[in-house]
Amino acid sequence: MAAVTRCSVSLVGRLLSHHYKRRCVRVFKATRDQPPRACLSNLYNERFFHTTSAWSGPIMQFKLSDIGEGIMEVVVKEWYVKEGDKVSQFDSICEVQSDKASVTITSRYDGVIRRLHYAADDTALVGKPLVDIETDTGPEVAQEEDVVETPAMSREEHTHQEIKGQKTQATPAVRRLALENNIKLSEVVGTGKDGRILKEDILNFLAKQTGAILPPSPFHETRESQRPKEVQPASQPASQPASQPASQPVRPRPVLSSQDVTEPLKGFHRAMMKTMTAALKIPHFGLCDEVDLSRLAALRSDLRGISEARGVKLSYMPFFIKAASLGLLHFPVLNASLDEASQNITYKAAHNIGLAMDTSQGLLVPNVKNVQLLSVFEIARELNRLQALGSSGQLGTSDLTGGTFTLSNIGSIGGTYAKPVILPPEVAIGALGKIQILPRFDSNGELVKAHILNVSWSADHRVIDGATMCRFSNLWRQYLENPASMVLDLK
């Protein structure tokens, strides 16, 4: 009888999984003196009892990974899941907002949400648990994945990939894009900060392999499903023509309160506080001038229909930005940055010209990348994209970082003159007032109507003298007053 029992145990052990085998052993230890039929009956009862209960998989703590730019904490703006929801890899879990941008966090695991560690508007810390997910993976796989996400791991291990002894910087989304297209990151040249590989780098590399032609404008992080369908009236982006005030100006509602309200600075307001505090250390040099845009107004009127037929709204801002880029070619010191110790100045090769944008989230300064390589139409197309994203609060980190020179179009809201504040580590900024039709004398002494724009410049007086700023302003004005002259310097 003992031999028969051992044979039955061996047979059942080979048929059952490791999970059931442990329960099987426990059953047989309790029934070793019983006949085989009774033993198998107990085993069946044990197995039936287990399958009718809820199976519990390993719980994974999904930690908030480093999202770049030295950001150590974010504010949870919105949860897309709740406890008990089932998620798959790359499903959106929540939206978080850092000092610089809003980022959508996606799941790394397949499973069920068991715990949300933060409520909406709470501050989440990088490297700390964000959600708990009950995964479908086995304990061995779960243990390996948990090691990858341990908080003891350094930032470099999160954001870099070891390839042939060199660390390649890329976000998980970029790595996934490279993997899907069988591209080795070691073969791609990164154009981001510190050599970081961006999505446009992958797309450009893929285009070279396939012979496809991609536009030079930077690839944006927003997916097509998340692209806003229309511009909300809650914001006045800087790409709006300065001469045309908003058709329906947004007026803030009056707020009546019986007591004081104190709340912490979060998100973009906190970022503005930090940036402006740093800007107070910069000795500002100011310069104001006026520009006659009568010829440019006529040119824009001729090109407006053509641009709109291509699906792009053409404002004055693309001309202002392109003229600034042409001027920066002659005065590269204005497209530079100064280190925190004020010991070294870096002359930037790319003209990433930012434009201050008033949105419902506060002041944002996205920038158009590599303006020196773009046409006026391509700049207009990129401004349309930034305007739509800014209105819907979907500007990504790549849109808001890397700027080298800034224009602020305060005239889109109202006002003639301004005193712009430099955005460190940049060294210059310009503020554009509203375009007014005013009487002026032409070259023949005749009184005519002129489209007048007032511009106010601020420069870092530690590295830029007044004569340099004035010469740049004169050249910028000449390009706009005689837009045909821009053709000679376009590349």
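Figure 1. Of the 491 residues in the protein chain, 42% are buried. The model shown is predicted. Its secondary structure consists of 14 helices and 20 strands. Among contacts in the protein chain with a separation of 6 or more, 63% are between residues 24 or more positions apart.

**Figure 2. Salt bridge between D289 and R477.** The side chains of D289 and R477 meet in a salt bridge, with an N to O distance of 2.7 Å. D289 belongs to strand β11 (residues 284-292) and R477 to helix α13 (residues 466-481), so the pair ties together parts of the chain that are 188 residues apart in sequence. D289 has a relative accessibility of 24%. This value puts D289 in the partly exposed class, because buried means under 20% and exposed means over 50%. The pair also belongs to a network of salt bridges that links D289, R477 and E481.

Figure 3. E308 and R304 are joined through their side chains by a salt bridge of 3.6 Å, N to O. Both residues lie in helix α9 (residues 294-309), where they are four residues apart, about one turn of the helix. E308 is partly exposed, with a relative accessibility of 44%. R304 is partly exposed as well, with a relative accessible area of 26%.

Figure 4. In the salt bridge between E382 and R385, the closest N and O atoms are 2.6 Å apart. The two residues sit three residues apart in helix α11 (residues 376-392), a separation of about one helical turn. Is E382 buried or exposed? With 2% relative accessibility, E382 counts as buried. R385, at 10% relative accessibility, also counts as buried. Side chains of opposite charge can pair when their charged atoms come close.

**Figure 5. Packing of helices α10 and α11.** Helix α10 (residues 317-330) packs against α11 at an angle of about 120°, and the two axes are 9 Å apart. The crossing of α10 past α11 is right-handed. On the α10 side the contact is made by M317, P318, F319, I321 and K322. On the α11 side V376, I379, A380 and L383 take part. Which kinds of residue make up the contact of α10 with α11? Eight are nonpolar, none is polar and one is charged.

**Figure 6. Surroundings of L453.** L453 is located in strand β20 (residues 447-460). L453 has 0% relative accessibility and counts as buried. Leaving aside residues up to four places away in sequence, L453 touches D289, E290, V291, L293, F320, L432, G433, K434, I435 and W476. One of these, D289, also forms the salt bridge with R477. Between the C-alpha atoms of L453 and G411 the separation is 9.0 Å, and the two residues are 42 residues apart along the chain.

Terms used. Residues are numbered from 1 along each chain as its sequence is written. This is a predicted model: local features need pLDDT of at least 70, side-chain atom pairs count only at pLDDT 80 or more; totals for chains, interfaces and linings use all residues. Side-chain values use heavy atoms; hydrogens and water are left out. A salt bridge is a side-chain nitrogen of Lys or Arg within 4 Å of a carboxyl oxygen of Asp or Glu. Buried means under 20% relative accessible area, exposed over 50%, partly exposed in between (1.4 Å probe, protein chains only). Axes are lines fitted to C-alpha atoms, for helices over the stretch in contact, and angles run from 0 to 180 degrees between N-to-C directions. A crossing is left-handed if the near helix is turned anticlockwise from the far one by less than a right angle, and right-handed if clockwise. Contact means heavy atoms within 4.5 Å. Ala, Val, Leu, Ile, Met, Phe, Trp, Tyr, Cys and Pro count as nonpolar, Asp, Glu, Lys and Arg as charged, and the others, Gly among them, as polar.
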